[in-house]
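Trainee: Could we go through this chain together? I would like to begin with the overall layout and then turn to individual side chains.

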Amino acid sequence: MFSRASAVSALTVAAVGGTVATPGCPPEAEAATVAAKALRIAAAKKGAPYKYGAAGPKRFDCSGLTQYAYKRAGKRLPRTAAAQYNRTRHIKASSRKGGDLVFFHSGSGVYHVGVYAGGGRLWHAPKTGQVVRLERIWTKKVWYGHVR
């Protein structure tokens with residue numbers, strides 16, 4: 001049972017945007033927080049120009065954006081889309097949540113990645129001449145990964 005002081009402390013932490021560790025809380029809760037933060041960070045880069053090989057903070061390629069967002073959220077990812085796919089826990093489309101990664105593939109090769117935003121959309125850095133943007137996922141040839 002919480003005392004009045006601990007309840008006030010928890011409310012204060014929540015009010016200022018902190019988190020409260022809950023004994024017995026599954027690690028997925030922390031991962032969900034990281035994924036949500038990575039999603040917010042990727043969205044905050046809306047309009048940043050695409051540049052091949054760039055990983056921020058002002059210019060990005062696709063895997064540079066996902067690496068940057070997750071690094072700022074507290075998780076390290078490898079540099080390329082294929083290596084990021086290999087580092088994630090692969091999940092079904094029905095299990096995807098905001099902040100999970102969306103991997104575009106041709107056969108067994110991954111060639112593009114973005115951050116799932118919900119509603120069948122993703123934040124990504126498309127290609128030269130374009131900017132980081134929110135876009136509907138345009139193909140069914142995608143795989144999803146949850147960052148551990």
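Mentor: What follows is a discussion of a predicted model, from its secondary structure to its side-chain pairs.

Trainee: How many helices and strands does the chain have?

Mentor: There are 4 helices and 6 strands. Read from the N terminus, the order of the elements is α-α-α-α-β-β-β-β-β-β.

Trainee: What share of the residues is buried?

Mentor: Of the 148 residues in the chain, 39% are buried. The accessible surface amounts to about 8900 Å², and carbon and sulfur atoms contribute 56% of that area.

Trainee: And the contacts, what part of them comes from residues 24 or more positions apart?

Mentor: Among contacts with a separation of 6 or more, such pairs account for 51%.

Trainee: Turning to charged side chains, how many salt bridges are counted?

Mentor: The count is 2 salt bridges. In one of them, Arg79 pairs with Asp61 at an N to O distance of 3.0 Å.

Trainee: Which residue forms a salt bridge with Arg133?

Mentor: The partner of Arg133 is Glu135, with 3.1 Å between the closest N and O atoms. Arg133 is partly exposed, at a relative accessible area of 29%. Glu135 is partly exposed as well, at 23%.

Trainee: A change of topic: where is Gln84 placed?

Mentor: Gln84 sits in helix H4. With a relative accessibility of 0%, this residue counts as buried.

Trainee: What does the side chain of Gln84 reach?

Mentor: The side chain of Gln84 reaches the backbone oxygen of Pro78, at a distance of 2.9 Å.

Trainee: Which residues does Gln84 touch, leaving out those up to four places away in sequence?

Mentor: Gln84 touches Ser63, Thr66, Gln67, Leu77, Pro78, Arg79, Leu101, Phe103 and Val113.

Terms used: Residues are numbered from 1 along each chain as its sequence is written. This is a predicted model: local features need pLDDT of at least 70, side-chain atom pairs count only at pLDDT 80 or more; totals for chains, interfaces and linings use all residues. Side-chain values use heavy atoms; hydrogens and water are left out. A salt bridge is a side-chain nitrogen of Lys or Arg within 4 Å of a carboxyl oxygen of Asp or Glu. Buried means under 20% relative accessible area, exposed over 50%, partly exposed in between (1.4 Å probe, protein chains only). Helices (H or I, at least four residues) and strands (E, at least two) are DSSP runs, numbered from the N terminus. A polar contact is a pair of N or O atoms within 3.5 Å; within protein, one must be able to donate a hydrogen and the other to accept it, and residues adjacent in sequence count only if both atoms are side-chain atoms. Contact means heavy atoms within 4.5 Å. Accessible areas come from the Shrake-Rupley method with a 1.4 Å probe; for residues, only the protein chains shown count as cover.
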